[in-house]
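Dear colleague,

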Amino acid sequence: MNTDIAIVEDEPELAALVADYARAAGYTPAVFADGAVALAALREHMPALVVLDLMLPGMDGLALCRALRAFSNVPVIMVTARVEEIDRLLGLDAGADDYLCKPFSPRELVARIKAVLRRSCPPVEAPVLAIDKQAHRASVHGRPLDLTPSEFALLAALARRPGQVFSRAQLLELAHQDHLDVTDRAIDSHIKNLRRKIDAIAPGVDPIRSIYGVGYRFEL
């Protein structure tokens, strides 16, 4: 499970305090004091969640959030000293998932981080298959599947959008977001292993359909 948290905050003491609390809660924080620098880093490595200050040098929080939404749906919690309703509305309209006004309790921020991550990674349920991305577990008929990280990432990606056809390149990109070392040719091998493991528990159940010349889709 991705536990990386990006903290984009130009107040050093506050950034260090938030990072300490995030680390104590089991997350791996990375701190950025400049909006433009943060955006460049996020393009290279996407964390599980972004804590984003509104007032930043280089690029303000609203502009950064809008730019981020152009290529990622990563959860964003915006924090700011600006308490007017219009500021909160602008932050949410820019794509923030939650909004916290300064001064705030670091414990409350950590609680909100956990809540936003739970909402962004809900369990995926199907008649015979259950996938919980947050807990990194999958089961068939209540019996756990013993999956490699690559297999789990691919199954979760397919199951999140049942009926949608994914090309091998798309599945490779989705797996790469979870920081897994897979290649285009390995996708077919992982799918084959997934089918074998599911069939061992539920013979005849094959939720992954091959679409000739295109890729794969999930359906039950």
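A salt bridge here is a side-chain nitrogen of Lys or Arg within 4 Å of a carboxyl oxygen of Asp or Glu. This is a predicted model, in which local features need pLDDT of at least 70 and side-chain atom pairs count only at pLDDT 80 or more, while totals for chains, interfaces and linings use all residues. Residues are numbered from 1 along each chain as its sequence is written, and side-chain values use heavy atoms, with hydrogens and water left out.

The structure holds 12 salt bridges. One of them joins Asp-206 to Arg-195, with the closest N and O atoms 3.4 Å apart; Asp-206 lies in the loop between helix 8 and strand 11 (208-211), and Arg-195 in helix 8 (helices, H or I, of at least four residues and strands, E, of at least two are DSSP runs numbered from the N terminus). Asp-206 is partly exposed at 30% relative accessibility, as is Arg-195 at 25% (buried means under 20% relative accessible area, exposed over 50%, partly exposed in between, with a 1.4 Å probe and protein chains only).

Lys-197 and Glu-151 also form a salt bridge, at 2.7 Å between the closest N and O atoms, and both residues are buried.

Best regards
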